[in-house]
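Student: Could you take me through the aromatic pairs of this model in some detail, with the criteria behind each term?

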Amino acid sequence: MTREETPLLPSRAQERLSQVQSHLASSEVDIPRGMETILRKSPDDIVVTCALRTPITRGGKGGFKDTAAPDLLAHTFKSLISNSGIDPSLVEDISVGNVLAPGSGATEFRAAALVAGFPETTALKSLNRQCSSGLQACVDIANAIRCGMIDIGVGAGVESMSSQYGPGAVSEFSELLDGHQEAKNCKVPMGVLSEQMASDRKVTREAQDAFAARSYQRAEAAQKAGKFKEEIVPMKVKWMDPKTDEEKEIVVDKDDGIRSGMSVEGLAKIKAAFKEGGTIHAGNASQVSDGAAAVLLMKRSTAERLGQRVVGKFVCSSVVGVKPLLMGIGPWKAIPVALEKAGIGKEEVDLWEINEAFASQCVWCVKELGLDESKVNPNGGAIAFGHPLGCTGARQVSTLFNELGRTGQKVGVTSMCVGTGMGMAAVWVKE
């Protein structure tokens, strides 16, 4: 048979051949670096074709206070399937970040996937890397695709802090763990250690309240302008009216923790929560919240073959450890590592989504990293609309791409501090 007569391989076979070749250099260490490179489109890019979330509601008070985490997740999965148009039988694995549910909700979340319409052939796991669980779920799926383990997957996160937040979230330490000082520090309450960090790093209450007020004001303005509508999927739920004990059916279609009219002067009146004369209080720390988010990932070649619209792509990620008592500095250490992996500088990043666990740690990280504050959480953050622990890392992806698209920008970074002393970050490109 002559060269001209050689039959062309089917597109699926060509894709698999390319995939096998890429396996030989499949780690993030081997990713080409630099702005020109990360903006360039390649068949092997790990792309996002849909990213969405539920509204985020106040823990114990808001629209989802009577809705179980698996129900939030099932609705989010259903919305992901319908909004993306993906054939659910093509999704090979789902990774769900969760912090508070026993066993990280592995059994219930598998059931939620089946309820949502994924077949039994779609595998699912849950994971817990505390506040970065949702991002870790997305990264795990991206890396599974990159190394050829799967072709299509979903990274997600969910948390019902209304039903599962409290002292029982952390088990008692054994004598062995309690006998090691650094290990023992892992169970120091985050509010207490964040108060200590603010004192040690000289982050004033005034600076924290100014940051928090700006978060509220930005979120209020963004919500009024309808900026979150594109990323939010409304959900009809049963809700018990605390005033009448009457069960009602309501539609939750917006974040209900955003408070209007917040100011530095108003925040200054709130009593410190963790220490007499301290700096951290309910107004400058993240809210206890409920919510879910999901991200559909695959290679660009797969998306093109299936006719999936590419929202953006995952470039790389980083995870680092810091001292448990300095948990809040995690983004400061993780972000430079992610940028180095991508081969770009901070000045080349258009938008930063940094989780606002506490204003104290955000103020310090932003200042130490030398970031342009106007590019950090331009539509507010967890102080304003909440931090459902396992959900946040996945939620940030939809928020980031939504704002990058709205403003015509390209490069974004998501990051957060992580309980027990860690930090995580990821670089994304909008298309």
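Tutor: What follows is a close look at the aromatic pairs.

This is a predicted model, in which local features need pLDDT of at least 70 and side-chain atom pairs count only at pLDDT 80 or more, while totals for chains, interfaces and linings use all residues. Residues are numbered from 1 along each chain as its sequence is written, and side-chain values use heavy atoms, with hydrogens and water left out.

A search of the whole structure gives five aromatic pairs (rings of Phe, Tyr and Trp, the last by its six-membered ring, with centres within 6.5 Å; planes under 30 degrees apart are stacked, over 60 edge-to-face and the rest tilted). One of them joins Phe-77 and Phe-118, whose ring centres are 5.6 Å apart and whose planes stand at 85°, so the pair is edge-to-face. This pair links distant parts of the chain, since Phe-77 belongs to helix α3 (residues 69-84) and Phe-118, 41 residues away, to the loop between α4 (106-116) and β4 (123-127) (helices, H or I of at least four residues, and strands, E of at least two, are DSSP runs numbered from the N terminus). Phe-77 is buried at a relative accessible area of 0%, and Phe-118 counts as buried at 3% (buried is under 20% relative accessible area, exposed over 50%, partly exposed in between, with a 1.4 Å probe and protein chains only).

Phe-228 and Phe-385 also form an edge-to-face pair, with 5.8 Å from centre to centre and 75° between the planes; both residues are buried.
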